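These are my notebook entries on a single chain.

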Amino acid sequence: MNRFAILAKKIVTPETIIPQGVVLVEDKRILEAGPPDRVRFEEREFPILHAERQTLVPGFIDVHIHGGGGRDIMEGTREAIEVISGILAKHGTTAYLATTVTASPIATIQAVERLGKLMEEGTEGAQIVGLHLEGPFISEKKRGVHPPEHIRKPSTRIFDELLKMSNHQVKLITLAPEIEGSLEFIENARSKGVLVSMGHSNATFEEAMRAINAGVSHATHTFNAMRDFNHREPGILGAVLADQGVWAEIIADGVHVDPVAVNILLKCKGVKKILLITDAISATEMPDGQYQLGSLTVQVTKGVCRVPEGQLAGSTLTQDRALQNMMRWTGLPLEEAVYMATQNPAQAVGIDKHKGSVQPGYDADLVLLEDDLRVHATLREGQIIYQNTK
Ligand SMILES: [Zn+2]
């Protein structure tokens, strides 16, 4: 049986902080976690993984990611997914929602069908824990770079078909709640256990609040592809900032959102309602050049992704960097900032009974961080999926 003990400089569970903590792993799960005088073990049974110089935190969870290493989630092949999952592992991400973009019905159906199958078979590296459909039910006015010819009015029929083809693996869908038919759509999605995020939206404050009351629980890349805030018409952004319940995704790469806006978000939402996402595309961990995002060609210069018309088209961000940026811009200590990459996303997508925390019975999805927050090693379900050997 796969059994070992990790001795860490510190464990951030993140509800508690355990100096010189011990974690016992058995098979895929955490057996025990605590201070050395409470967690007793025989070295014969639990060989030691030494991490006395590293901080142990739960594996990062990304609810919005499109690709990496030159590969795109829309490809949906095992080869593409394992390249992406391998790159995520290098940056501490152990679980993610494979995120589609607005595309032709055929391309979308093919992607979700392939991804649903792969999830059932299992893949190496970071684990796909569900699908996030970004579109096609978004606003033409706030589509960003999503291709206009494939944008649709909210359709329960199309959604039900996608859900079925994905083998019921869709966990989250981004839609513009001001578009006709949205409220029925939200109700239907919620009744099937799918969470709804508002985004790529020109909704007024009132429209956004109506959507929240109808069951919308998330906001997609807050600030980006949203109607601007105005003090007389606060818009969807005002609703995201003012509502206490909505989970707010943020792309903390320093390009999509100014650090000042990130601080405003933190002041409004608090540390327990923000989700550090990457919105990363295939260009992540690759040299500058031309890359694909769904059917789009994206030019990447100094790691910034734009279409020829100039709009941003995803990012090359990784969650370790998002965490570092967040801490640098807000002054939050690791112990607090880490919620935004671990327990918050786990709660937001309903997997917090087994992921997002270092506790007995939870999946042994763990990250060992150096003092400078570089990733030293990443474990998924008790297996080392990345180790920095430098
Ligand atoms: Zn996206």
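This is a predicted model: local features need pLDDT of at least 70, side-chain atom pairs count only at pLDDT 80 or more; totals for chains, interfaces and linings use all residues.

**Entry 1**

I looked up the domain assignment, which gives domain 1 as 3–58 + 356–387 and domain 2 as 60–348. To the contact between them, domain 1 contributes 16 residues and domain 2 contributes 23 residues. On the domain 1 side, I found that strand 5, strand 20 (375–380) and strand 21 (383–387) each supply at least two residues. I then sorted the residues on that side by type: 10 are nonpolar, four are polar and two are charged.

**Entry 2: the chain as a whole**

I counted 10 helices and 21 strands in the chain. Its radius of gyration is 20 Å, close to the 21 Å that the globule rule gives for 390 residues, so I record the chain as being as compact as a globular protein of that length. Along the principal axes, the C-alpha atoms fill a box of roughly 65 × 45 × 45 Å. Of the 390 residues, 55% are buried. I also checked contacts between residues at least 6 apart in sequence, and 69% of these join residues at least 24 apart.

**Entry 3: strand 5 and its partners**

I followed strand 5 (residues 48–58) to strand 1 (residues 3–12), with which it pairs in the parallel sense over six bridges. Within this pairing, Leu-7 has His-50 of strand 5 as its bridge partner. Strand 5 also pairs with strand 19 (residues 366–369), here in the antiparallel sense and over four bridges. I located Leu-366 in strand 19 as the bridge partner of Pro-58.

I traced an open sheet of eight strands in the order 6-9-10-11-12-13-14-15, with parallel pairing. Strand 6 (60–65) and strand 15 (274–277) stand at the edges and have a single partner strand each, so one side of each lacks a neighbour in the sheet.

**Entry 4: helix 6**

Is helix 6 (residues 235–242) largely enclosed or largely open? I found six of its eight residues buried, so the helix is largely enclosed by the rest of the structure. The buried residues are Gly-235, Ile-236, Leu-237, Gly-238, Ala-239 and Val-240. I looked up what they pack against, and the list comprises strand 12 (195–198), helix 5 (205–214), strand 13 (218–219) and strand 14 (247–251).

**Entry 5: the largest nonpolar core**

Which residues of the largest nonpolar core touch the most other members? I recorded Val-23, Leu-56, Tyr-96 and Leu-276, out of 123 residues in that core. Helix 1 (residues 78–90) provides the largest share of the core, seven residues. The core draws at least three residues from each of domain 1 and domain 2.

I then listed the contacts of Leu-56, leaving aside its neighbours within four places in sequence. Leu-56 is in contact with Ile-6, Ala-8, Ile-11, Gly-21, Val-23, Ala-51, Val-358, Leu-366 and Leu-368. One of these, Leu-366, is the residue I had located as the bridge partner of Pro-58.

Notes:
Residues are numbered from 1 along each chain as its sequence is written. Two strands pair if DSSP finds at least two bridges between them. The radius of gyration is taken over C-alpha atoms; the globule rule is 2.2 Å times the number of residues to the power 0.38. A residue is buried if 20 or more other C-beta atoms lie within 10 Å of its own, exposed if 12 or fewer, and partly exposed in between; C-beta atoms are placed from the backbone. Two residues are in contact if their C-beta atoms, placed from the backbone, lie within 7 Å. A nonpolar core is a set of buried Ala, Val, Leu, Ile, Met, Phe, Trp, Tyr and Cys residues joined through C-beta atoms within 7 Å. Domain bounds come from an automatic or database domain assignment. Ala, Val, Leu, Ile, Met, Phe, Trp, Tyr, Cys and Pro count as nonpolar, Asp, Glu, Lys and Arg as charged, and the others, Gly among them, as polar.
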